Amino acid sequence: MDHTKRTIPAGTGEFPQELSTFIEEWRAKPGSLIMILHKIQETFGFISRESAETLAILSGIPLARIYGVITFYHFFKTTKPGKHKISVCLGTACYLKGGQDMIDEVRSILGLEEGGVSDDGLFSIDPVRCVGCCGLAPVLTVGTETDGKLTKEQLPEIIAKYRNK
Ligand code: FES
């Protein structure tokens, strides 16, 4: 079969050219599905049903297999993240200094379910592994900014700062 002739039916959405080219290059290689899913998430911030369907069409990989991988790895997200993605480190140093308490407190302040997004669409939160500044534990990042030696009392102020951005 000539895979280069695949077309995307109306209603399945479109990928940027760079992403389509990436899929074209990777789809025949072993282990390609995970690489491609990472690229889709990097492009859109999550993997929508529409993106999964488009990928199935472009790659010839069955949709059920794509969803099998997406749901197996917690790294992959199927819902759009908040405008401000909060990451709290749960590496050893941060965990020992209360990283999980920080996550619980942020969720409580924002009324977030696990993996959810705040009602205003501004915030989502995820635990991450060591971000490389263990001396500042516990550490939280929002986008490219990092806050260290955190206390729960600082969290409302940090959230307020981003709410107004
Ligand atoms: S364990 Fe959190 S920065 Fe290293």
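Student: What share of the contacts in the chain with a separation of 6 or more comes from residues 24 or more positions apart?
Tutor: The model is a predicted one. Among contacts with a separation of 6 or more, residues 24 or more positions apart account for 63%.

Student: Into which domains is the chain divided, and what distance separates their centres?
Tutor: Domain 1 covers 3-72 and domain 2 covers 84-163. The C-alpha atoms of the chain fill a box of roughly 60 × 30 × 25 Å along the principal axes. Taken over C-alpha atoms, the centres of domain 1 and domain 2 are separated by 31 Å.

Student: What pattern does the chain follow along the sequence?
Tutor: The secondary structure comes to seven helices and four strands. Read along the sequence, they give α-α-α-α-β-α-α-β-β-β-α.

Student: Which element gives the most residues to the largest nonpolar core?
Tutor: That core has 14 residues, and those with the most contacts inside it include Ile86, Val88, Met102 and Ile125. At least two residues each are supplied by strand E1 (84-89), helix H6 (99-110) and strand E2 (123-128). With four residues, the element that gives the most is H6.

Student: Which residues does Ile125 contact, leaving aside its neighbours within four places in sequence?
Tutor: Ile125 is one of the residues with the most contacts inside the largest core. Beyond its sequence neighbours, Ile125 is in contact with Ile86, Val88, Ile103, Val106, Arg107 and Leu112.

Student: How many residues are in the second, separate core?
Tutor: Its members include Leu19, Ile36, Ile47 and Ile70. The size of this second core is 11 residues.

Student: Which strands are the edge strands of the sheet?
Tutor: The sheet is open, with four strands in the order E2-E1-E3-E4 and mixed pairing. From one strand to the next, the twist averages 25°. The strands that pair on one side only are E2 and E4 (145-147).

Student: In which sense do E3 and E4 pair, and which residue of E4 stands opposite Leu140?
Tutor: Strands of a sheet pair through backbone hydrogen bonds, either parallel or antiparallel. E3 (residues 140-142) and E4 have three bridges between them, and their sense is antiparallel. Opposite Leu140 stands Asp147.

Student: Why are the buried residues of helix H3 on the same side of H3?
Tutor: The buried residues of H3 (residues 49-59) are Ser51, Thr54, Leu55, Leu58 and Ser59. They are on the same side of H3 because the arc they cover around the axis is only 115°.

Student: Which helices are included in what covers those buried residues of H3, and which residue follows H3?
Tutor: The cover includes helix H1 (17-26), helix H2 (32-44) and helix H4 (63-72). The residue that follows H3 has a positive phi, near 80°, and is Gly60.

Student: Why does Ile34 count as partly exposed?
Tutor: Ile34 is found in helix H2. A residue is buried with 20 or more other C-beta atoms within 10 Å, and exposed with 12 or fewer. Ile34 counts as partly exposed because its C-beta neighbours inside 10 Å number 15.

Student: What distance separates the C-alpha atoms of Ile34 and Ile70?
Tutor: Along the chain, Ile34 and Ile70 are 36 residues apart. Ile70 is one of the residues of the second core. The separation of the C-alpha atoms of Ile34 and Ile70 is 8.6 Å.

Student: What percentage of the residues in the chain is buried?
Tutor: The chain has 165 residues. The buried residues make up 20%.

Technical notes. Residues are numbered from 1 along each chain as its sequence is written. This is a predicted model: local features need pLDDT of at least 70, side-chain atom pairs count only at pLDDT 80 or more; totals for chains, interfaces and linings use all residues. Domain bounds come from an automatic or database domain assignment. A nonpolar core is a set of buried Ala, Val, Leu, Ile, Met, Phe, Trp, Tyr and Cys residues joined through C-beta atoms within 7 Å. Two residues are in contact if their C-beta atoms, placed from the backbone, lie within 7 Å. Two strands pair if DSSP finds at least two bridges between them. Axes are lines fitted to C-alpha atoms, for helices over the stretch in contact, and angles run from 0 to 180 degrees between N-to-C directions. The arc is that of the directions from the helix axis to the C-beta atoms.
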